[in-house]
Amino acid sequence: ARVDTGCCISNALVALQGGVTHVDTSVLGIGERNGITPLGGFLSRMYTYNEHFKDMVISKYNLTLLREVEDYVAQCAGIEIPFNNYITGWCAFTHKAGVHSKAVLQNPGAYEVINPEHFGVSRDVKIAHRLTGWNAVQQRALQLGLELSESSVKEAAKYVKNLADTKNIGMDHLDHILNNLDENRPCSFKIDSV
């Protein structure tokens, strides 16, 4: 299934469908040459192909070891796992835009064809940035045990978006904003106090 044209995953799947019993794979693209089927990409393709393959992959392989294997190989090779790597890249299950985040919070399967928990990785819904939506901010307020009005949450989201246009803010900043919201005054306190 080696091919230098980017078709190694699809070729490996077709070979598997044709009855082969073994497929050579690489970890993070590291192998004897270019074009060897990447293990993470191949597992994810089998997982998403159909229910039969998905069930086989889940029952036959310890999918949670993929992250550990890729971390180990990356450490030995002195490289970082690419941000866009299949399954284990830091942005593989990261969601950011407002409407998109709302859909993921309500029904992860709407945007994720792969359940990250099956592979031992987690979903990351980014909230403290300029693309955030009020639903994501509301979800964070609920996680903090805060009962805020919809108008307060919308105001906090607007404040976070405006603030994020001028500086990097983190979850600690967002939590500070939410914990210090006052129904009787607008969001205007200084974030530098965090």
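**View 1. Glu150 is partly exposed, at 41% relative accessibility.** Buried means under 20% relative accessible area, exposed over 50%, and partly exposed in between, with a 1.4 Å probe and protein chains only. Glu150 sits in helix H7. Helices (H or I, at least four residues) and strands (E, at least two) are DSSP runs, numbered from the N terminus. From Glu150 to Ile169 is 19 residues in sequence and 22 Å in space, C-alpha to C-alpha. The model is predicted: local features need pLDDT of at least 70, side-chain atom pairs count only at pLDDT 80 or more, and totals for chains, interfaces and linings use all residues. Residues are numbered from 1 along each chain as its sequence is written, and side-chain values use heavy atoms, with hydrogens and water left out.

**View 2. Helix H8 packs its buried residues against two other helices, H6 and H7.** H8 covers residues 171-179. Its buried residues are His173, Leu174, Asp175, Ile177 and Leu178. Their partners are helix H6 (134-143) and helix H7 (150-164). Contact means heavy atoms within 4.5 Å.

**View 3. The largest pocket holds about 310 Å³ of space.** A pocket, on a 1 Å grid over the protein atoms alone, is an open set of points where a 1.4 Å probe fits, with protein on both sides within 12 Å along at least five of seven lines. Grid points are joined across faces, edges and corners, and the volume is the space filled by probe spheres set on the points. The lining numbers 17 residues, each with an atom within 4 Å of a point. Leu39, Phe42, Leu43, Met46 and Tyr61 lie nearest the centre.

**View 4. Helices H2, H3 and H4 each give two or more residues to the lining of the largest pocket.** They span 39-49, 51-60 and 65-77 in turn. H2 supplies the largest share, 4 residues. By type, the lining has 12 nonpolar, 4 polar and 1 charged. Ala, Val, Leu, Ile, Met, Phe, Trp, Tyr, Cys and Pro count as nonpolar, Asp, Glu, Lys and Arg as charged, and the others, Gly among them, as polar.

View 5. The C-alpha atoms fill a box of roughly 70 × 35 × 25 Å, taken along the principal axes. Of the 194 residues, 36% count as buried. Among contacts between residues at least 6 apart in sequence, 59% join residues at least 24 apart.
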